Amino acid sequence: MGIDLKVKIGKIELENPVMVASGTFGYGREFEELVDVDKLGAIVTKTITLNPRHGNPPPRIIETPSGMLNAIGIQNDGVDDFIGYKVSYLKNIKVPIIASIAGERISEYAEVAKKLDGVDKVAGIELNVSCPNMEWEVSGGKYRIFAQDAEAIKKIVSSVKAVTTKTIITKLSPNVTDISEMARAAVEGGSDAVSLVNTFLGMAVDTKTKKPKIANVTGGLSGPCIKPLALRMVWEVYKAIKVPIIGMGGIANANDAIEFMLCGASAVAVGTTNFVDPQSSMYIIEGIARYMSDNKIKSIKEVVGGLKV
Amino acid sequence: MKQFISKIISNERIAKEQYSMVLDAAGMSEKATPGQFVHVRCGHDADPLLRRPFSIYRVRDVGGQKAIEIIYKIVGRGTALLAKKRPGDPIDVLGPLGNGFNINNPSITFIVAGGIGAAACYMLAEELVKKKCKIYYFFGARSKDYVICEEDFRALGCEIHICTDDGSSGHKKLIPDHLTDIIKEIPKAELSTAEIYACGPMIMLKKTAEAAEKAKIRCQMSLEARMGCGVGACMSCVVKCKQGDSFMYKRVCKYGPVLNASEIIWE
């Protein structure tokens, strides 16, 4: 029986629904000796900003039960370096590349997107409005995370939509009271898809030194410990909007991925698990295909939103 | 670098809280160089989640098979699990990773190892022996119960200097101080092509860097950091380094783990 794993996110055709999440796979090249990257559904790059960023001071990472906290602070070499150097490697990769971008101000998103619009290899743009490790200016000297402000999300998406024809994905934060409201704002702004969830804000403390274990004090929690929380949010958003959802949050195996798809995700992204086992995305793709053939499912689209309630 | 399932050949306690594990390295794609490390999965499910990095202590031949030895100390849940593993158990290994020591043509060399930091220095010493360098080996630990690998370095022909915090073995002195004292005894002319290599706790490295700067001797150090991916993707394991007039957070796993002491910004 032929199995159809193809999915479509905006204008992007994916051979299978398994992507690798932003910040966990570098710019692809880091994993070239470990993973057959051409078998992935898509690669989402580490977040790129207009100007280079130093990132946060170390320690930036600490393991927690079944998870980890991080506060990297979007260290990156900036969009010009990405276009000038990193893209040349990505051109050899056959699968779609989605560039994750962020801005320190709302206007920067469109500036970065405009620069990327001319890069053929970039199939889509993921708007990282939800990195929890810093607070960015919303308007008039007011600082908060864009992802916690529906107006800011709508503004960012529509400003990017105005400068690019590429597929736009908005990455949502779980650190909100009502994530479906934020998803609707993204869709109203013109987002072709949404991805969720980014990390949950958390802390860890060293009781001996009484210091936080992360220099930034707070960090983003990821890994298998967040999966039930993420699943609930995907289900909420699925009921609220019509555009495709890319589900993520603690996916470690094919069963986890299928849970997300049953809750409404059209595609999934593997994040922290890339650190644990770089091959995991490959096993997840194989496992999804096996689940489909075992259950006589012809197209992966039949799985999406199939939750029986 | 390659990810492979290795088999544990032996796993033995060598000193207080410290173990030696020999692993089948037939699956390792390339030859490990001094100062490189492997990233090891200590458990097999979600907890503890992340891999742990370990210096490659040495590459050995066990019954015609390529094997690597790592030396580790129990510091948390991951290493505690590792200590429970038995010969024959499979173990998921990623490596060899990182950039190791840059071995020039030094005349005299000083290896400064603090505690488990000795694990990064044996292959280096082997390489320096091949180059016919004079090797002074400084090892520091809390007490005699924590002294490791002394005989291995002695067998290579290194001049051994042990320091302990309580004086129960060797000198009751900090190793960077002892290093400074020994350097003073050597004629300046002989030091012009000397080199210092260090691995150990941050405070020891900082003091060693200061000693090296004072003595005007080039110094490389292998750093330890909490890591995520181990391959340069996650940017978790950074160390603050000089970059022109500014600074840059460099990835220990990719740019290091060995860096020139002169580029590190100590805080």
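**Exercise 1. The largest cavity**

How many nonpolar, polar and charged residues does the lining of the largest cavity have?

*Solution.* The model is predicted, so that local features need pLDDT of at least 70 and side-chain atom pairs count only at pLDDT 80 or more, whereas totals for chains, interfaces and linings use all residues. Residues are numbered from 1 along each chain as its sequence is written, chains are lettered from A in the order in which they are written, and side-chain values use heavy atoms, without hydrogens and water.

Step 1. A cavity is a set of points on a 1 Å grid over the protein atoms alone where a 1.4 Å probe fits but cannot get out, and its lining residues have an atom within 4 Å of a point. Two cavities of 30 Å³ or more are found in the whole structure.

Step 2. The largest cavity holds about 490 Å³ of space. Its lining comprises 34 residues, of which A:Ser22, A:Thr24, A:Asn70, A:Asn198 and A:Thr199 are the closest to the centre.

Step 3. In chain A, β6, β8 (122-128) and β18 (267-270) each supply at least two lining residues; strands are DSSP runs of E of at least two residues, and helices are runs of H or I of at least four.

Step 4. By class, the lining has 14 nonpolar, 17 polar and three charged residues. Here Ala, Val, Leu, Ile, Met, Phe, Trp, Tyr, Cys and Pro count as nonpolar, Asp, Glu, Lys and Arg as charged, and the others, Gly among them, as polar.

**Exercise 2. The second largest cavity**

State the volume and lining of the second largest cavity.

*Solution.* Step 1. The space in this cavity is about 30 Å³, a volume being the space filled by probe spheres set on the points.

Step 2. Among the lining residues are A:Met19, A:Ser22, A:Glu126, A:Lys171 and A:Met248. The class count is six nonpolar, two polar and two charged residues.

**Exercise 3. The interface**

Describe the contact of chain A with chain B.

*Solution.* Step 1. Contact (heavy atoms within 4.5 Å) involves 33 residues from chain A and 30 residues from chain B.

Step 2. The two chains bury about 2,700 Å² between them, 61% of it on carbon and sulfur atoms; buried area is the accessible area (1.4 Å probe) lost on putting two parts together, summed over both.

Step 3. Two salt bridges link chain A and chain B, each a side-chain nitrogen of Lys or Arg within 4 Å of a carboxyl oxygen of Asp or Glu. A:Glu63 forms a salt bridge with B:Arg52, with the closest N and O atoms 2.8 Å apart.

How values were computed: 1 Å grid on protein atoms, 1.4 Å probe; cavity = no way out; pocket = protein on both sides within 12 Å on 5 of 7 lines; lining within 4 Å.
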